[in-house]
Amino acid sequence: MTKRLVLMLFLCNFCQAEELNIASIDWCPQLCSDTEKRGYITDTVEMIFRDSPFKLDIKTYPWSRSILLVNAGEKHALLSPAKIEAPNLIYPRNEVGIQRMCFFTSKDSDWIYRGIDSLKGQHIGIASDTSIQELTQFVADNKQQFQYMPYNETYIEQSLKKLKANRIDTFLFTYNTTIYEMKKMGVLPDYKAAGCVSLAKVYIAFSPSPDLKIKPMIDYFDERMDKIKASGILSDIMAKYGLENWQDFSKKTK
């Protein structure tokens, strides 16, 4: 533990903790509104800042609004974008998880994503403010193939309804979340994953606003996260949600 961090902890005993206001989304099993299971990323962040000089205040918003709030300096940090999704924010060294972006189809579909060429002729659902580096140019050149929908608590349900009504051929979203929600809805047997595009690290990303003093928050986060990653405790956190430790995949990500 650095001398600076020891001093911060010492001083914290004699002063009111500084608020760290975080904009989050409902993105189970990563970030959940459930009071018992808060999501593995929320659990990790809360563990990092427990007994720290910072008092967490995590509030849930739609994705687009969350990004705007943090960019504008109305919130200190955002949970939990990939770097390409919110490039104006400030990122610590350490990630808080990974996301696999995958295509989903009806169970009777024989289409499988096998690279850019396999997207030809497909009508694709995608969440607003989702940016996937591997598809950036294809999306720009083929906008007519994509139907954008706001990412909110109904995104997956609405995407599944569009699949069922043949309004889209496939939709794109994170693997863990889509499987988790389909299980909750009892419709998992009716749909399937049809290939994944990418793996990306996701972060607690901080506001670029010069009015906010975020550097001590980032330094504290990185130092504590280094220790947690080395401790093996992430496996216990992930097991709570029936998931593998994301560190096993992280070395493959950008």
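Buried means under 20% relative accessible area, exposed over 50%, and partly exposed in between. This structure is a predicted model. A search of the whole structure turns up two disulfides. A disulfide is a covalent bond between the sulfur atoms of two cysteines.

**The Cys-28 and Cys-32 pair**

- Cys-28 is joined to Cys-32 by a disulfide.
- The sulfur atoms of Cys-28 and Cys-32 lie 2.0 Å apart.
- Cys-32 has 7% relative accessibility, so this residue counts as buried.
- Cys-28 has a relative accessible area of 6% and is buried.

**The Cys-102 and Cys-196 pair**

- Cys-102 and Cys-196 form a disulfide, with 1.9 Å between their sulfur atoms.
- The link of Cys-102 and Cys-196 is right-handed, with 85 degrees about the S-S bond.
- This pair connects distant parts of the chain, 94 residues apart.
- Cys-102 sits in strand β4, which covers residues 97-106.
- Cys-196 sits in strand β8, which covers residues 191-202.

- Is Cys-102 buried or exposed? Cys-102 counts as buried, because its relative accessibility is 0%.
- How does Cys-196 count at 37% relative accessibility? Cys-196 counts as partly exposed, because that class lies between the 20% and 50% cut-offs.

Methods: Residues are numbered from 1 along each chain as its sequence is written. This is a predicted model: local features need pLDDT of at least 70, side-chain atom pairs count only at pLDDT 80 or more; totals for chains, interfaces and linings use all residues. Side-chain values use heavy atoms; hydrogens and water are left out. A disulfide is a pair of cysteine sulfur atoms within 2.5 Å. Buried means under 20% relative accessible area, exposed over 50%, partly exposed in between (1.4 Å probe, protein chains only). Helices (H or I, at least four residues) and strands (E, at least two) are DSSP runs, numbered from the N terminus.
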